[in-house]
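Thanks for coming, everyone. Please bring up the model on your screens. I'll go from the whole chain down to single residues.

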Amino acid sequence: MQKLKVLELFGGIGACSTALKRLNINYEIVDYVEIDKYAVKSFNAIHNTNFEPQDISKWDKDVEVDLIMHGSPCQDFSLAGKQLGGDEGSGTRSSLMYETIRIVEKLKPKYVIWENVKNLLSKTHKHNFDNYLKTLEELGYTNYYQILNARDYGIPQNRERVFTISILNNSKYFKFPVKQELKLKLKDMLDNEVEEKYYLSEKLIKNLQFNKNGNCNPSGKGINGKVHNTEIAPTLTTNKGEGPKIDVTRLYGIFDKENKNHQGGSVYDQEGLSPTLTDMQGGYRQPCIEIKNLTKQGYLEAHDGDGVYISNIDKKRGTVQKEMIPTLKTSPDIGVVTKEIIIGSTQKHAAVSENGIVPTLTSSMGTGGGHVPMHNYDLRIRKLTPKECWKLMGFNEEEFEKAARINSNAQLYKQAGNSIVVNVLQAIFKNLLMKEGKIMEKKDEVKIISYETNLMIDLEKLLKQEPDLFNDLVKDYPVEPNTKIIIEVKA
């Protein structure tokens, strides 16, 4: 099979090449254009190449290309930036999109894919986007664009980007990939062991909090000032009439079918095993942290496993994302809420696992004091590690480690934030380039053209009158039943 010749402009760490590799598409990197020397180092390490940094404004080579992928700089379109825009000749970083147009005009690849921030479609910047589409149409391309979110393609990150797919001579119909159910949670992507340096100090956490002494707080103190949690037992006491009524025998898995007087109405399963320890009194306040949020309410509740912004939160909405992270930036301003469960007993700092297992209970418990196992449930906030950021952009640990050996953490954060989510590109490439694992080519007898010209054909009618033509059409293009499209039947 002939190789797909790829030119990566503003190539970063190579999300395009990585996506093609994941799909086992036979491709060749004709050239890679990136001015950031540190990103180039990472790209070479990951893809086993030997490219040098290149300035796109000076790039002018005669090469044969099938696909151009470009994620031109978004800083001047982004809401997080200074809104300088990308007008041609303005000299802004985002105006480099016009360098891509120059290269497309010269090389005329079959496909051009452009990724950029959602704000490109805002009233302020849409004239540049419209100019891009118009220019490519004049060069013979048909454009398809849509806002895609990484969370809809397998990554727990709320990252919206506009993707534009341009196809030369309308040689293929394109349909954007359908949304997928998100099965991974942020906690599934986190490292098992994280250095203390990534954790925020109590002072910094308090700066993020809306209500520093409210009902919703890191220690989970709710009703009567007690710690209540659905999975961990409250303090176990030896005094019959005091404290939470939890049967200590449950910790040993003892099952007494005849005993009708379990404290707190303890319930065991039929095998005599104790269920997860629970406060049987009912009524608890799940531990959380009230994170400031630019809304009328003023805060959002952050629980274990939620992603949070940790900088400039007074200016942000959506400062908390449930079981996922907000959009990764180029600096570590994203954190995650994690729980720390400590046993306050003779076993100093003995940890309780998430399944509710406590340290060994001893005969000394009856003496009270420090011998009584008590748990302290605190929520903490820490920064994401560089590896976690890379994983949340769709790169695997092996790819990260190759880059980490030759780059600082600061560069690794920047490279992740500047990249494109690999999973989203995979979904796009499946629809654009593949059908049952093969490069998909257009049938000569059918050409889909613009909606403003030629003949409107009802697919249902076409099925009855021209079944062979209909079968060829739906075989090569993912069209919906009863969809009206415009086609031109070649003689």
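**Overview of the chain**

Of the 491 residues of the protein chain, 49% count as buried. Buried here means under 20% relative accessible area; exposed is over 50%, and partly exposed is in between, with a 1.4 Å probe and protein chains only. This is a predicted model, so local features need pLDDT of at least 70 and side-chain atom pairs count only at pLDDT 80 or more, while totals for chains, interfaces and linings use all residues. Residues are numbered from 1 along each chain as its sequence is written, and side-chain values use heavy atoms, with hydrogens and water left out.

The protein chain has 11 helices and 18 strands. These are DSSP runs numbered from the N terminus: helices are H or I with at least four residues, strands are E with at least two. Now contacts, meaning heavy atoms within 4.5 Å. Among those in the protein chain with a separation of 6 or more, 69% are between residues 24 or more positions apart.

**The open sheet**

What is the strand order in the open sheet of 6 strands? The order is 2-1-3-4-6-5, and the pairing is mixed. Strands pair if DSSP finds at least two bridges between them. Strand 2 and strand 5 (141–149) are the edges, each pairing on one side only. From one strand to the next, the twist averages 20°. Angles run from 0 to 180 degrees between N-to-C directions, and axes are lines fitted to C-alpha atoms, for helices over the stretch in contact.

Take strand 4. It is largely enclosed by the rest of the structure, because 7 of its 7 residues are buried. Strand 3 runs parallel to strand 4, with 4 bridges joining them. Across that pair, Met69 stands opposite Ile113 of strand 4. Strand 6 pairs with strand 4 in the antiparallel sense, over 7 bridges. There, Val117 has Arg161 in strand 6 as its bridge partner.

Strand 4 also holds Trp114. Is Trp114 buried or exposed? Trp114 counts as buried because its relative accessibility is 1%. Trp114 and Val162 sit 48 residues apart in sequence, yet their C-alpha atoms are 8.1 Å apart in space.

Strand 5 and strand 6 (residues 160–168) are antiparallel, with 9 bridges. Asn143 stands opposite Ser166 of strand 6.

Two helices to point out here. Helix 1 lies across strand 1, strand 2 and strand 3 (67–70), at about 150° to strand 1. Helix 3 (residues 97–107) packs on the sheet and touches strand 1, strand 3, strand 4 (111–117) and strand 5. Its direction makes about 155° with that of strand 1.

Helix 2 covers residues 37–47. At its start, a side-chain oxygen of Asp36 reaches to within 2.8 Å of the backbone nitrogen of Tyr38. Just after helix 2, Asn48 takes a positive phi of about 55°. The buried residues of helix 2 are Ala39, Val40, Ser42, Phe43, Asn44, Ile46 and His47. What covers them includes strand 1 (4–9), helix 1 (15–22) and helix 8 (409–418).

Now helix 8. Its buried residues are Gln411, Leu412, Tyr413, Gln415, Ala416 and Gly417. Their cover includes helix 2, helix 6 and helix 7.

**The cores**

A nonpolar core is a set of buried Ala, Val, Leu, Ile, Met, Phe, Trp, Tyr and Cys residues joined through side-chain atoms within 4.5 Å. Which residues touch the most other members of the largest one? Ile381 and Phe429 do, out of 75 residues. Helix 9 (residues 422–433) gives this core its largest share, 8 residues. Leaving aside neighbours within four places in sequence, Phe429 is in contact with Cys16, Ala19, Leu20, Leu23, Leu67, Ile113 and Met434. Apart from that core lies another of 25 residues, including Ile68, Val104, Leu107 and Leu120.

**One hairpin**

Last stop. Strand 7 (residues 289–292) and strand 8 (residues 299–302) run antiparallel, joined by 4 bridges. Lys292 has Tyr299 in strand 8 as its bridge partner. This hairpin has 6 residues between the strands, and Gly298 takes a positive phi near 95°.

Methods: Polar contact = N/O pair within 3.5 Å; in protein donor to acceptor, adjacent residues only side chain to side chain.
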